[in-house]
Amino acid sequence: MLQVHQLYKSYEDAKVLEEIQFSVGKGEFFGILGPNGSGKSTLLKLLSGIERSSSGEILLEGKPVERYTRKQLSRSVAVLQQESLPPVNFTVKEVVEMGRYPYQNWLGEEKGNQAAIVDIILHKLRLVELQDRSLQFLSGGERQRVALGKVMAQQPKLLLLDEPTTYLDIGYQIQMMDRIKAWQTEEKMTVVAVLHDLNLASIYCDRMLMIHKGRTVCLGTPADIMRSELIEQVYGTTPIIVEHPVHQLPQIILQQGGSFIE
């Protein structure tokens, strides 16, 4: 589905990413981890086609990302940002309908039953009762649910997540990730997620890429990544690793103290 070969990115003399290489299979949930400033968000911008790499190659279904037109790319790739939609004066339904833009002509018309697609999404995300309400009257968690509805309306093959749970409380975090996981499973969609929370990443991701200072540190399963010595090397703190009692996946428990990260 997605192949990344020897990816480099720099801004003038500042190197941001070096020798990044990985592939993501169709239907896989792939996580990108690393501390602040490690290059995670820059990598996601390159994968989405928003920015171009300095060198290297990104292939989406065997075709270089830069060879897609913006409209072609938006039919295959959708991005859910870490910040929920701004409280603008659009209704919930209007925002979800915006996700159909890639399939519309210059008059805003679309073949097929657009209304049915939007209605299904509103029901799935329990937004029917809110559909006529302006975004400015919604909570942050509700706006993030609407943002998810908008990208669902794009019907992407690849969903890119840029820390989508950062500003949500723990209840909304689990709800959001469960909804994304269910959608991914139902549509056999590929997901690439930049995540801050290592415990969430371990539960939801099939494989993960750990990057630090723009370079790959480790690529593998949650068991490969969630190791005390690796986390200390990257984050400068030594966690206790335990097994989740339900999922049998590694989880971290933080403790006081830590080394200084330069």
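These notebook entries set out what I looked up in the predicted model.

**Entry 1. Ground rules**

I worked on a predicted model, in which local features need pLDDT of at least 70, side-chain atom pairs count only at pLDDT 80 or more, and totals for chains, interfaces and linings use all residues. Residues are numbered from 1 along each chain as its sequence is written, and side-chain values use heavy atoms, with hydrogens and water left out. I took helices (H or I, at least four residues) and strands (E, at least two) as DSSP runs, numbered from the N terminus. I counted two strands as paired if DSSP finds at least two bridges between them.

**Entry 2. The six-stranded sheet**

I looked up the strand order and found an open sheet that reads β6-β7-β8-β3-β9-β10, with mixed pairing. β6 (77-80) and β10 (215-220) are the edge strands; each has a single partner strand, so one side of each lacks a neighbour in the sheet. From one strand to the next the twist averages 15°. For this and later angles, axes are lines fitted to C-alpha atoms, for helices over the stretch in contact, and angles run from 0 to 180 degrees between N-to-C directions.

Ala78 stands opposite Leu159 in β7.

His212 has Arg215 of β10 as its bridge partner. The hairpin of these strands has two residues between them, and Lys213 takes a positive phi near 55° there.

**Entry 3. Helices on the sheet**

I then asked which strands helix α1 (residues 40-48) lies across. They are β3 (29-33), β6, β7, β8 (190-194) and β9 (207-212), and the helix runs at about 155° to β7. Helix α9 (residues 228-235) also packs on the sheet, where it touches β3, β9 and β10; contact means heavy atoms within 4.5 Å. The direction of α9 makes about 40° with that of β9.

**Entry 4**

I recorded an open sheet of four strands in the order β2-β1-β4-β5, with antiparallel pairing. β2 (14-24) and β5 (63-64) are its edge strands, each pairing on one side only. Within it, β1 (residues 2-11) pairs with β4 (residues 55-60) over five antiparallel bridges, and Val4 has Ile58 of β4 as its bridge partner.

I also noted that β11 (residues 240-243) and β12 (residues 250-253) pair in the antiparallel sense over four bridges. Val242 stands opposite Gln251 in β12. Six residues lie between the two strands of this hairpin, and Gln248 in the turn has a positive phi of about 55°.

**Entry 5. Helices α5 and α6**

I looked up how α5 (residues 140-153) meets α6 (residues 170-187): the axes come within 11 Å and cross at roughly 10°. That makes the two helices roughly parallel (angles under 35 degrees count as roughly parallel, over 145 as roughly antiparallel, 65 to 115 as roughly perpendicular and the rest as oblique). From α5, the contact is made by Gly141, Gln144, Arg145, Leu148, Val151 and Met152; from α6, by Tyr172, Met176, Arg179, Ile180 and Trp183. These residues divide into seven nonpolar, two polar and two charged. Here Ala, Val, Leu, Ile, Met, Phe, Trp, Tyr, Cys and Pro count as nonpolar, Asp, Glu, Lys and Arg as charged, and the others, Gly among them, as polar.

**Entry 6. Pockets**

On a 1 Å grid over the protein atoms alone, a pocket is an open set of points where a 1.4 Å probe fits, with protein on both sides within 12 Å along at least five of seven lines; lining residues have an atom within 4 Å of a point. Grid points are joined across faces, edges and corners, and a volume is the space filled by probe spheres set on the points.

The largest pocket holds about 400 Å³ of space. Of its 23 lining residues, Ala78, Val79, Lys150, Val151 and Gln154 are the closest to the centre. α2 (70-76), β6 and α5 are the elements that give two or more residues to this lining, which divides into 13 nonpolar, seven polar and three charged residues.

The second largest pocket holds about 250 Å³. Of the 14 residues that line the second largest pocket, Lys124, Met152, Gln155, Trp183 and Glu187 are the closest to its centre. α4 (114-124) and α6 each give two or more residues to the lining, and α4 gives the most, with four. By class, this lining has seven nonpolar, one polar and six charged residues.
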